[in-house]
Amino acid sequence: MLTRNCLSLLLWVLFDGGLLTPLQPQPQQTLATEPTENVLHLPGRRSHFPRVKRGWVWNQFFVLEEYMGSEPQYVGKLHSDLDKGEGTVKYTLSGDGAGTVFTIDETTGDIHAIRSLDREEKPFYTLRAQAVDIETRKPLEPESEFIIKVQDINDNEPKFLDGPYVASVPEMSPVGAYVLQVKATDADDPTYGNSARVVYSILQGQPYFSIDPKTGVIRTALPNMDREVKEQYQVLIQAKDMGGQLGGLAGTTIVNITLTDVNDNPPRFPKSIFHLKVPESSPIGSAIGRIRAVDPDFGQNAEIEYNIVPGDGGNLFDIVTDEDTQEGVIKLKKPLDFETKKAYTFKVEASNLHIDHRFHSAGPFKDTATVKISVLDIEEPPVFSKPLYTMEVYEDTPVGTIIGAVTAQDLDVGSSAVRYFIDWKSDGDSYFTIDGTEGTIATNELLDRESTAQYNFSIIASKVSNPLLSSKVNILINVLDVNEFPPEISVPYETAVCENAKPGQIIQIVSAADRDLSPAGQQFSFRLSPEAAVKPNFTVRDFRNNTAGIETRRNGYSRRQQELYFLPVVIEDSSYPVQSSTNTMTIRVCRCDSDGTILSCNVEAIFLPVGLSTGALIAILLCIVILLAIVVLYVALRRQKKKDTLMTSKEDIRDNVIHYDDEGGGEEDTQAFDIGALRNPKVIEENKIRRDIKPDSLCLPRQRPPVEDNTDIRDFINQRLQENDVDPTAPPYDSLATYAYEGNGSVADSLSSIDSLTTEADQDYDYLADWGPRFKVLADMFGEEESYNPDKVT
């Protein structure tokens with residue numbers, strides 16, 4: 001054990017570059033007297049004895065990791081110069097792992113490790129040693145600090161922490177092309193021995209790749225490796241410590257290397273001739289066949305462009321590349337006709353889009369193949385000679401007139417006859433007919449350009465041998481105009497002239513309109529009618545540009561003498577046959593200012609607001625009259641309702657109305673209360689009008705002579721009116737108290753003075769005072785006679 005520790009210490013000194021310096025300043029110490037043991041001498045105290053020369057002292061011990069012995073591992077020995085071997089000195093240990101990892105013999109100072117240590121877990125321990133007097137418990141020397149270092153052994157293999165690796169290198173790369181660098185780590189101490197010195201090697205993957213044993217760089221080992229031959233490689237890498245020597249530990253990892261593609265292969269057609277069969281009925285733009293060139297490259301290096309070599313068929317066909325399959329799709333540019341040509345031959349060239357110039361020496365990166373196309377005969381429908389037929393016909397053309405013809409042919413071998421039909425879905429009115437054999441089109445009804453100027457329908461041509469094969473063509477028929485309508489003057493038909501107009505003044509510009517379809521360059525002429533040309537007040541000046549002017553011929557016009565003038569204008573067109581018409585213009589004389597601005601044109605205009613026509617004003621006045629009539633009717637109905645309420649309501653209480661509750665109709669009235677008994681039969685027979693409404697003096701004559709005025713009644717009524725005017729509870733209308741007839745047997749006869757033939761002066765009202773307190777008011781009113789005033793009637 002001692003020999004092994006001494007050897008370990010010596011190796012550490014050699015690899016570490018010499019002796020270590022103490023962690024803290026230490027006085028010079030002597031080397032242990034036993035040369036075969038690890039002894040740490042503690043510094044002594046100063047004494048009066050002569051100083052003894054001492055040797056070098058180590059300040060750290062070593063202990064092997066992973067010690068598996070049955071006895072505790074001896075580390076070293078603590079010794080004080082004051083220890084004479086008499087057992088008076090006690091050694092103590094403190095610091096990292098004291099008591100748990102390391103123990104010390106208190107008498108001898110021997111230090112042991114009581115458990116196995118792992119350098120990768122903790123590489124060293126710092127402890128403090130003390131020598132004390134066993135009796136006094138006082139330190140004999142100052143406390144000394146030292147280190148116990150765990151000496152490494154090769155117990156960890158190299159590991160590839162980033163593995164497995166994935167790498168790539170272009171195909172056809174030269175020898176020594178860089179691929180990838182791998183790295184293995186060893187947890188052992190790299191400063192001690194060869195435990196952490198790693199060497200790399202390839203266990204699997206040769207002879208394609210090589211690896212640098214020190215750096216771990218992987219490179220290609222063979223030239224021109226072809227991806228098309230082999231694309232994936234799996235390389236097994238080993239890392240071994242101890243410099244690769246026997247007994248070293250090893251670790252492995254896998255590197256997956258892929259050869260990336262380069263464009264080193266040209267496209268090639270698998271055969272030199274491609275045969276295609278195409279029906280002649282194939283539509284333009286349709287794909288009629290596919291060809292393909294093979295390129296073993298990958299991705300964009302395998303993209304192919306196809307082109308048709310100029311020659312036979314180059315203008316009838318086109319070829320494009322299908323990006324998904326890299327096939328050449330041949331399309332039809334023009335229609336095929338078996339009867340015209342039955343076969344076509346042309347060449348197609350395939351080339352790469354992305355060229356790698358490193359491989360130009362290998363030859364051109366393109367290939368050529370021949371394409372032969374055979375046209376198949378298909379039975380086709382008849383073909384019209386034109387895609388569209390345009391015809392013209394004059395309106396009012398007699399029925400049955402032929403206006404044109406269509407022609408369709410069967411171009412197939414052994415052509416068949418053709419029949420023609422009108423597609424009635426497009427011509428429901430049946431204005432035309434067609435001859436089924438000849439294809440001539442005729443009118444079936446009279447045509448009117450003003451109703452329909454153009455007809456558009458379809459004609460169907462079918463083969464007699466196979467009616468299902470048919471074709472259709474559009475027919476456009478324009479109806480030409482016949483001059484059948486005369487021109488007419490355009491609006492306005494009415495104009496105005498100022499009273500102060502001068503001769504030769506143009507007061508209105510007129511133009512013409514023709515319901516016929518006027519051809520280009522048609523002219524309209526304007527003139528005055530012959531009957532109006534004798535001493536005309538106005539004339540027509542033709543400007544020769546399809547317009548004319550109304551010109552004055554007098555010096556001033558008077559509204560009082562003549563307010564309206566009627567001017568007949570003759571308009572004539574230039575078509576055949578010539579049509580003309582006479583149009584009458586109304587000229588109104590108006591009052592104008594000095595500048596020629598019209599102020600008024602008739603008497604009504606003086607009173608009417610400016611800017612409104614006569615019709616508008618009449619409509620406004622009519623609305624106002626209707627509104628006034630509605631208001632008058634509403635007021636009359638309201639008044640009638642109020643009067644009816646006045647006579648029929650039993651809940652209205654007025655000061656001038658006296659109710660006779662239970663008095664009956666007089667002495668002869670033996671029945672219950674009857675409102676009819678209060679009316680005087682004579683009065684009812686003589687006067688049939690309502691007595692609660694004042695008679696109309698214009699319609700009904702007076703029935704009796706006027707009576708004398710009674711001032712008491714007038715004063716009484718005025719007093720009651722004043723009281724009701726200020727009374728907030730009074731009814732909102734006037735009321736009239738009626739004293740009706742009470743019966744033939746009444747002592748007082750009738751109390752009403754309306755039908756009395758005598759005046760108030762001829763009557764005596766003193767008896768009213770004898771009737772009791774109910775008639776006191778009447779007795780006071782009529783107690784004194786008043787003179788009659790015929791001008792005042794209440």
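1. Start with Q326, which is buried because its relative accessible area is 17%; buried means under 20% relative accessible area, exposed over 50%, and partly exposed in between, using a 1.4 Å probe and protein chains only. Q326 sits in the loop between β19 (317-321) and β20 (327-332). Although Q326 is not a glycine, its phi is positive, at about 60°. Most residues other than glycine have a negative phi, and most peptide bonds are trans.

2. A word on what you are looking at. This is a predicted model, in which local features need pLDDT of at least 70 and side-chain atom pairs count only at pLDDT 80 or more, while totals for chains, interfaces and linings use all residues. Residues are numbered from 1 along each chain as its sequence is written, and side-chain values use heavy atoms, with hydrogens and water left out.

3. K535 also has a positive phi without being a glycine, here about 45°. Is K535 buried or exposed? K535 is exposed, because its relative accessible area is 79%. You will find K535 in the loop between β35 (525-528) and β36.

4. Two cis peptide bonds deserve a look. One joins G163 and P164, with omega about -5°, and P164 belongs to the loop between β8 (144-151) and β9 (165-170). Another joins Q206 and P207, with omega about 5°; P207 is in the loop between β11 (199-204) and β12 (209-211).

5. Now the overall picture. The chain has 6 helices and 40 strands, taken as DSSP runs numbered from the N terminus (helices are H or I, at least four residues; strands are E, at least two). Of its 794 residues, 37% count as buried. Contact means heavy atoms within 4.5 Å, and among the chain's contacts with a separation of 6 or more, 67% are between residues 24 or more positions apart. The accessible surface of the chain is about 48,300 Å², and carbon and sulfur atoms own 54% of that. Accessible areas come from the Shrake-Rupley method with a 1.4 Å probe; for residues, only the protein chains shown count as cover.

6. Next, D261, in the loop between β15 and β16. D261 counts as buried because its relative accessible area is 16%. Its side chain makes a polar contact of 2.9 Å with the side chain of R227. A polar contact is a pair of N or O atoms within 3.5 Å; within protein, one must be able to donate a hydrogen and the other to accept it, and residues adjacent in sequence count only if both atoms are side-chain atoms. The D261 side chain also reaches the backbone nitrogen of F298 at 3.0 Å. Setting aside residues up to four places away in sequence, D261 touches E171, R227, E228, D297, F298 and N301.

7. E551 is in strand β37 (residues 547-552), and T539 is in strand β36 (residues 538-542). E551 counts as buried because its relative accessibility is 14%, and T539 is buried too, with a relative accessible area of 16%. The side chains of E551 and R541 are joined by a polar contact of 2.9 Å. Beyond four places in sequence, the residues that E551 touches include G504, Q505, I506 and T539. T539 and G549 are 10 residues apart in sequence, with 8.5 Å between their C-alpha atoms.

8. Finally, the aromatics. Rings of Phe, Tyr and Trp (its six-membered ring) pair if their centres lie within 6.5 Å; planes under 30 degrees apart count as stacked, over 60 as edge-to-face and the rest as tilted. By this rule there are 16 aromatic pairs. F102 and Y125 make an edge-to-face pair, 5.2 Å centre to centre with 75° between the planes. F102 is in strand β5 (residues 102-104) and Y125 in strand β7 (residues 124-133), so this pair ties together parts 23 residues apart in sequence. Both F102 and Y125 are buried. The rings of F269 and Y306 have centres 6.4 Å apart and planes at 50°, so that pair is tilted. F269 and Y306 are both buried as well. Elsewhere, Y431, F432, Y455 and F457 form one aromatic cluster.
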